Amino acid sequence: RLAGEPFYSLDDFADAGRLTQDLASFLRSLHGLDTGLVADGQREDGWREIADRLPGELLPMLSVSIRPAVESTFRRFAEQADALPLRIIHGDFGTGNILAAHDRVTEVIDFAGCGLGDPAYDLASLVAGLGDALLPRLLPHYPELAAMTGRIAFYRACFPLLDMLFGLDHDDPAALADGIAGAERAFAAVHRG
């Protein structure tokens, strides 16, 4: 049995600062590993599958008012894609895969998605679970994330689109509906901003 339990809020901890420092320390260590440790050397770019399936499958399911924001967001991101950093990432660094006890991270589990990618993806997963207020708390312990905020926001906006793809690929109407609702919210915020 692994030590600790998954958590879904920093409010559950008396010393959330210590836990935040542990999270940042783990990510900085992981993202600092030699990329040669990944045998296949292939970049994990889940956003590209979304981009490929966007015009024919995803956009028609979204409201007409949101579609331009989705298209322009992906177009702008694709323009910088070749310059994205390449690091070892966890690939699913959500709170369900982080165990904690006594205000400390005790275990990180589920490395099935581990590979080469943009470290902002791991931070987006973490912030998706714990909220935007986590970023300023992580910054003193992971200063490099200041340059990642735009990419973190992009990946977070992609998560509902991934839910849509899961719903389509697995004939799961609930996941599809949740993904559509999440994408509408995420890209309405992009459209306003």
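Asp103 sits in the loop between β3 and β4 (104-108), where helices (H or I, at least four residues) and strands (E, at least two) are DSSP runs numbered from the N terminus. Its phi is near 65 degrees, a positive value in a residue other than glycine. The model is predicted: local features need pLDDT of at least 70, side-chain atom pairs count only at pLDDT 80 or more, and totals for chains, interfaces and linings use all residues. Residues are numbered from 1 along each chain as its sequence is written, and side-chain values use heavy atoms, with hydrogens and water left out.

**Loop residues**

- Asp103 is buried, with a relative accessible area of 17%; buried means under 20% relative accessible area, exposed over 50%, and partly exposed in between (1.4 Å probe, protein chains only).
- Asp110 also has a positive phi, about 60 degrees, although it is not a glycine.
- Most residues other than glycine have a negative phi.
- Asp110 belongs to the loop between β4 and β5 (115-117) and is partly exposed at 35% relative accessibility.
- Asp92 is placed in the loop between β2 and β3, and at 36% relative accessibility it counts as partly exposed.
- Apart from neighbours within four places in sequence, Asp92 is in contact with Asn97, Asp110 and Asp122, contact meaning heavy atoms within 4.5 Å.
- The C-alpha atoms of Asp92 and Ala124 are separated by 9.7 Å, and the two residues are 32 residues apart along the chain.

**Helices α1 and α4**

- The axes of helix α1 (residues 16-31) and helix α4 (residues 119-130) come within 10 Å and cross at roughly 160 degrees. The axes are lines fitted to C-alpha atoms, for helices over the stretch in contact, and angles run from 0 to 180 degrees between N-to-C directions.
- That angle makes α1 roughly antiparallel to α4; angles under 35 degrees count as roughly parallel, over 145 as roughly antiparallel, 65 to 115 as roughly perpendicular and the rest as oblique.
- From α1, the contact is made by Leu23, Leu27, Leu30 and His31; from α4, by Pro119, Asp122, Leu123, Leu126 and Leu130.
- By class, this contact of α1 with α4 has seven nonpolar, one polar and one charged residues. Ala, Val, Leu, Ile, Met, Phe, Trp, Tyr, Cys and Pro count as nonpolar, Asp, Glu, Lys and Arg as charged, and the others, Gly among them, as polar.

**Aromatic pairs**

- Rings of Phe, Tyr and Trp (its six-membered ring) pair if their centres lie within 6.5 Å; planes under 30 degrees apart count as stacked, over 60 as edge-to-face and the rest as tilted.
- By this rule the count is eleven aromatic pairs.
- Phe26 and Phe93 have ring centres 5.5 Å apart and planes at 5 degrees, so the pair is stacked.
- Phe26 lies in helix α1 and Phe93 in the loop between β2 (87-89) and β3 (98-101), so the pair ties together parts that are 67 residues apart in sequence.
- Phe26 is partly exposed, with a relative accessible area of 24%, whereas Phe93 is buried at 0%.
- The ring centres of Phe154 and Tyr155 are 5.6 Å apart with planes at 65 degrees, so this pair is edge-to-face; both residues are buried.
- Ring pairs join Trp47, Phe74, Phe77, Tyr121, Phe154, Tyr155 and Phe159 into a cluster.

**Ala69**

- Ala69 is in helix α3 (residues 67-80) and counts as buried at 4% relative accessibility.
- Its C-alpha atom and that of Ala188, 119 residues apart along the chain, are separated by 7.7 Å.
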